Amino acid sequence: MFSADLIRRARLRAGLTQAELGLRFGRPPSQIARWERGEVSPSFETVLSVIRACGFDLTLGLADRDESYVPYIERLLDLTPTERIEDALEREAVFGEIRGAA
């Protein structure tokens, strides 16, 4: 659904109907609709072209994978909502002291 979501979001953000995007891109509105519903998956190059037809650029990059925060998240998920709030308040108090010392 990745390409379907990207195409739909770009079209809606540009304020275009499927028919208007079809005219800009040179494809029938039914083709745009099939892409947006995920019935047909266009190539990556086509997705980029559709996004450009909407007046946007899609920027991509590679980043090192970082899962160092996963244990922290898992610990928080084990807490009750009340315990999470208490944890956040304690953490904010510490950060407030650090900001005050700076």
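The legends below describe close-up views of a predicted model. Local features need pLDDT of at least 70 and side-chain atom pairs count only at pLDDT 80 or more, while totals for chains, interfaces and linings use all residues. Residues are numbered from 1 along each chain as its sequence is written, and side-chain values use heavy atoms, with hydrogens and water left out.

**View 1. Helix α3 and what covers its buried residues.** Helices here are DSSP runs of H or I with at least four residues, numbered from the N terminus, and α3 spans residues 29-37. Within α3, the residues Gln-31, Ile-32, Ala-33, Trp-35 and Glu-36 are buried, a word that stands for under 20% relative accessible area, whereas exposed stands for over 50% and partly exposed for values in between (1.4 Å probe, protein chains only). The cover over these buried residues includes α1 (2-14), α2 (18-25) and α4 (44-53). After α3 comes Gly-38, which has a positive phi near 80 degrees.

**View 2. The packing of α2 with α4.** The axes of these two helices are 9 Å apart and the packing angle is about 110 degrees, where axes are lines fitted to C-alpha atoms, for helices over the stretch in contact, and angles run from 0 to 180 degrees between N-to-C directions. The pair is therefore roughly perpendicular, since this label covers 65 to 115 degrees, while angles under 35 degrees count as roughly parallel, over 145 as roughly antiparallel and the rest as oblique. Leu-21, Arg-24 and Phe-25 of α2 make the contact with Thr-46, Ser-49, Val-50 and Ala-53 of α4, contact meaning heavy atoms within 4.5 Å. Sorted by class, this contact has 4 nonpolar, 2 polar and 1 charged residues; Ala, Val, Leu, Ile, Met, Phe, Trp, Tyr, Cys and Pro count as nonpolar, Asp, Glu, Lys and Arg as charged, and the others, Gly among them, as polar.

**View 3. The packing of α1 with α4.** Here the axes are 9 Å apart and the angle is about 10 degrees, which makes α1 roughly parallel to α4. Ser-3, Leu-6, Ile-7 and Ala-10 in α1 meet Val-47, Val-50 and Ile-51 in α4, and by class this contact has 6 nonpolar, 1 polar and no charged residues.

**View 4. The salt bridge of Glu-36 with Arg-8.** A salt bridge is a side-chain nitrogen of Lys or Arg within 4 Å of a carboxyl oxygen of Asp or Glu, and by this rule the count comes to 8. In the pair shown, the closest N and O atoms are 3.8 Å apart. Glu-36 belongs to helix α3 and Arg-8 to helix α1, so the pair ties together parts that are 28 residues apart in sequence. Glu-36 counts as buried, at 9% relative accessibility, whereas Arg-8 counts as partly exposed, at 39%. Arg-8, Arg-11 and Glu-36 are linked in a network of salt bridges.

**View 5. The salt bridge of Arg-75 with Asp-87.** The two side chains meet at 3.7 Å, N to O. Arg-75 lies in helix α5 (residues 70-77) and Asp-87 in helix α6 (residues 81-101), so this pair ties together parts that are 12 residues apart in sequence. Arg-75 is partly exposed, at 38% relative accessibility, while Asp-87 is buried, with a relative accessible area of 15%.

**View 6. The salt bridge of Arg-65 with Glu-67.** In this pair the closest N and O atoms are 2.6 Å apart. Arg-65 is exposed, at 73% relative accessible area, and Glu-67 is partly exposed, at 42%.
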